[in-house]
Amino acid sequence: MSKLTKNQKSVAGKVEAGKAYTLAEACQLVKEITTTKFDASLDIDVRLGVDPRKANQMVRGVVSLPHGTGKVTRVLCLCTPDKEAEAKEAGADYVGLDEYIEKIKGGWTDIDVIITMPSIMGKIGALGRVLGPRGLMPNPKSGTVTMDVAKAVKEVKSGKIDFKVDKAGIVHTSIGKVSFSQEQMIGNAKEFIGTIIKLKPAAAKGTYIKSIYLSSTMSKGVKVDPKSVDEAK
């Protein structure tokens, strides 16, 4: 068994196994037990009482985090020439069409989000093998296929993220950075969890939110009491 490092020893006893903390306590604990030298991401895992194999129990949506994600999101806008100026003004990092489609066909995926227009999806369909496995394929449900590309770019740049439940019934994503204040962490977590609750499928029976865990990039998970989310300030 490997020995604990000095930093690991200092945080080992701070999180009680099996204990559910309030959202405020969990946010503070994640800050205390994160010892990375870089600014780690604040991750959230929400286990849902759904069966993702059934189409009527799929949970997928988008949320605009009030305090942003804390990271730079590289946006490619694939649009017609008449939309290029507004996309650039809105903050898109890359704007164009055919030249970027060819780059992607060649394996270029140095981007985080692709925003495009309905009329262009026919051209993008051929990129599915490259974009699909990387989660980069634009989708109307996530707001990345729209005529208002400028609005979509601004939303993504300001902290809009999309998410969906995985095969195990868990929604996992990053909702900020450990360098955020406790209030900012709480605000983003409440907005994210609140959005998931609003998306509860009518076909889902029993307990919907089964468990919530907060963690940082390399820390252990801290269990959150779901009842404390509404009370957090």
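## The salt bridges of Arg74

In this predicted model, Arg74 forms a salt bridge with Asp110, the closest N and O atoms lying 2.4 Å apart, where a salt bridge means a side-chain nitrogen of Lys or Arg within 4 Å of a carboxyl oxygen of Asp or Glu. This pair links distant parts of the chain, since Arg74 sits in the loop between strand S2 (60-64) and strand S3 (75-78) and Asp110 in the loop between helix H4 (98-105) and strand S5 (113-116), 36 residues apart. Helices (H or I, at least four residues) and strands (E, at least two) are DSSP runs numbered from the N terminus.

Arg74 is partly exposed, with a relative accessible area of 29%, and Asp112 is partly exposed at 31%; buried means under 20% relative accessible area, exposed over 50%, and partly exposed in between (1.4 Å probe, protein chains only).

## A further pair

Arg53 and Asp51 join their side chains in a salt bridge (3.0 Å, N to O), in which Arg53 is exposed at 75% relative accessible area, whereas Asp51 is buried at 18%. By the rule given above, the count comes to eight salt bridges.

## The chain and its basis

The chain holds eight helices and nine strands, and 45% of its 233 residues count as buried.

Residues are numbered from 1 along each chain as its sequence is written. Because the model is predicted, local features need pLDDT of at least 70 and side-chain atom pairs count only at pLDDT 80 or more, while totals for chains, interfaces and linings use all residues, and side-chain values use heavy atoms, with hydrogens and water left out.
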